[in-house]
Amino acid sequence: MKKYIEGTVKSLPLAGLIEEAGTAKKYNTGTWGTFKPVFLEEHCIQCFFCWVYCPDSAVTVNEGKVVGFDYDHCKGCAICAYECPTKPKSIVMEKK
Ligand code: SF4
Ligand code: SF4
């Protein structure tokens, strides 16, 4: 696949070129956050709100149940904890 525009000033690389699908999984963005979510299974009603709202697909599921988080890809945004409907919360944010 052609990566550069020939004949232009210094042959600028094309922007936004994705040559391979699924590359986001290779980047461990979990180091970006200051906080991390902690799962409190005893309060969880398995509504899956956290799984639906997580922007990084970092809520892990096993045999049809939420079981925790993929800390390699979780950025600690706290959306899962915010959306969790239980009282007390089934997800709390902790400083790393
Ligand atoms: S803190 Fe953000 S990135 Fe991490 S699991 Fe929750 S919603 Fe996903
Ligand atoms: S949003 Fe809260 S109650 Fe719902 S599945 Fe996630 S942790 Fe459990």
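Modeller: Helices (H or I, at least four residues) and strands (E, at least two) are DSSP runs, numbered from the N terminus. This is a predicted model, in which local features need pLDDT of at least 70 and side-chain atom pairs count only at pLDDT 80 or more, while totals for chains, interfaces and linings use all residues. Residues are numbered from 1 along each chain as written, chains are lettered from A and ligands numbered from 1 in written order, and side-chain values use heavy atoms, without hydrogens and water.

Biologist: Which helix gives the largest share of the nonpolar patch?

Modeller: Helix α1 (residues 49-53) does, with four residues. The patch covers about 560 Å² and consists of Phe49, Trp51, Val52, Tyr53, Val61 and Ile79.

Biologist: What makes residues members of such a patch?

Modeller: Each must have over 30% relative accessible area and no salt bridge, with nonpolar side chains (Val, Leu, Ile, Met, Phe, Trp, Tyr) joined within 5 Å and like charges within 9 Å. A salt bridge is a side-chain nitrogen of Lys or Arg within 4 Å of a carboxyl oxygen of Asp or Glu. Areas follow the Shrake-Rupley method with a 1.4 Å probe; for residues, only the protein chains shown count as cover.

Biologist: Why does Val61 count as partly exposed?

Modeller: Buried means under 20% relative accessible area, exposed over 50%, and partly exposed in between (1.4 Å probe, protein chains only). Val61 has 37% relative accessibility, and therefore counts as partly exposed. Val61 belongs to strand β2 (residues 59-62).

Biologist: What share of the protein is buried?

Modeller: Buried residues are 23% of the 96 residues.
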